[in-house]
Structure formats: C-alpha cells, structure tokens
Amino acid sequence: MMKTILFFGDSLTAGYGVSSAQAYPSLLQKKLEEEGYDYTVINAGISGDTTASGLHRLDRWLGRPVDIFVLALGANDGLRGIPARETSQNLQQMIDKVKHKSPQAQILLSGMEIPDIVPGRYAAEFRALFRELAIKNNVAFVPFLLEGVAGMRHLNLPDGVHPNAEGQKLLARHTWAVLEGLLKKEL
C-alpha cells in the first residue's frame with residue numbers, strides 16, 4: 001500500500017513564485033521515486049500561513065492516513081514578530097494533533113530562523129524554539145530549512161525572501177538529509 005508524506009507549511013513549501021514541480025516537496029517526490037520508495041507526497045503549503053492559521057486548518061488534513069508529517073511553519077510568525085512563546089505553543093498543538101490522529105506517523109520539524117539584525121532577544125528565542133520542540137517531542141529535525149539560501153540573492157526570487165528553483169533544490173537537499181533516516185526506519 002502506498003504510504004503518504006504530508007508537507008504542512010507556508011509559501012516556502014507551496015513553492016511561491018516557482019512552478020509546483022520546482023517546489024521542494026515535488027523535488028522530494030522525484031527523489032523518493034528514484035530511490036525506490038513507495039510514497040506519495042502531499043503538498044499542503046499555503047502562502048502566508050502562520051502557525052496559528054496552520055493550527056486551524058490542520059484537522060482537515062489529518063482525516064487521511066499520514067505516515068510521515070513534515071511540519072514547516074513559523075517563517076511568517078518570525079517575519080510578523082509573533083511572540084516566540086505563541087509560535088511554540090501553536091507548533092506544539094499541531095504536533096499533539098498529529099500524534100493523536102496518526103499515532104504511527106513519524107514527524108519531521110523544519111526549523112526557521114530570522115536574521116540576527118532583529119533587535120533584542122527575539123531572533124535567538126525564535127531560533128531556539130524549534131530545537132527545543134524537536135528535543136521535547138523526540139521528532140526528526142532540520143535545524144534551518146533555509147540554510148545557505150537565506151540572504152543569497154542568486155538563490156532567491158527578486159523579493160529576496162522566497163527561494164527560486166535553485167534555492168528550492170537546497171531546501172529539498174536539507175529535508176532529504178533528515179527524511180531519508182525516517183524512511184529507513186519505516187522499512
């Protein structure tokens with residue numbers, strides 16, 4: 001039976017500004033096929049989504065079987081200055097819902113960061129919340145989804161925020177590095 005990987009995220013997951021085939025979940029679908037894994041990738045990324053809006057829309061996605069749940073939300077919270085505690089609580093509630101509705105599902109959390117140029121402690125608190133959640137919940141963790149992409153003009157669209165097709169390839173590579181370990185556990 002075909003297994004499912006649900007990518008639950010924002011514009012980074014949705015592939016804002018690139019074709020759906022160039023979004024990193026689609027690139028990972030191709031990689032899964034090349035490697036002989038029998039999985040269907042579902043891209044549940046919505047541009048502009050925050051952890052609060054993600055929490056509200058999660059239930060409708062959990063009505064179907066999910067084998068691996070990739071949680072990639074939080075970037076918009078950081079951009080909007082939503083308190084790190086609130087972002088953390090929303091992400092925790094999503095993890096709890098997945099564990100309740102699909103107890104067999106493995107969870108992968110993608111970390112986000114905001115630039116250190118943001119004044120005060122916010123950038124450090126925001127960065128730390130993802131690692132803390134991953135440890136607390138014993139879930140797989142990509143430390144920073146945009147590692148090597150953020151701030152690199154040649155890997156982003158003209159807006160300087162969203163990865164272009166080349167940047168999406170790096171998001172896929174970062175995610176695959178952790179996802180592959182989960183796939184081996186599933187065998």
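**Buried faces in a predicted model**

Visitor: Which residues of helix H2 (residues 24-34) are buried?
Guide: In this predicted model, the residues of helix H2 that count as buried are those under 20% relative accessible area. In helix H2, which spans residues 24-34, they are Tyr-24, Pro-25, Leu-28, Gln-29 and Leu-32.

Visitor: Within what arc do the buried residues of H2 fall, seen down the axis?
Guide: An α-helix has 3.6 residues a turn, so residues three or four places apart point the same way. The buried residues of H2 line one face of the helix, because, seen down its axis, they fall within an arc of 150°.

Visitor: Is Thr-13 buried or exposed?
Guide: Thr-13 belongs to helix H1, residues 11-14, and, leaving aside neighbours within four places in sequence, has contacts that include Tyr-24 and Pro-25, both of them among the buried residues of H2. Because its relative accessible area is 0%, Thr-13 is buried.

Visitor: What distance separates the C-alpha atoms of Trp-61 and Val-98?
Guide: Trp-61 lies in helix H3, residues 51-61, and is buried, with a relative accessible area of 18%. Leaving aside neighbours within four places in sequence, Trp-61 is in contact with Leu-6, Phe-8, Ile-42, Ala-44 and Val-66. Although Trp-61 and Val-98 are 37 residues apart along the chain, their C-alpha atoms are separated by 9.8 Å.

Technical notes: Residues numbered from 1 in each chain as written. Predicted model: local features only at pLDDT ≥ 70, side-chain atom pairs only at ≥ 80, totals over all residues. Heavy atoms only, no water. Helix = DSSP H or I, 4+ residues; strand = E, 2+ residues; numbered from the N terminus. Buried < 20%, exposed > 50% of the residue type's maximum accessible area, 1.4 Å probe, protein only. Contact = heavy atoms within 4.5 Å. Arc of directions from axis to C-beta.
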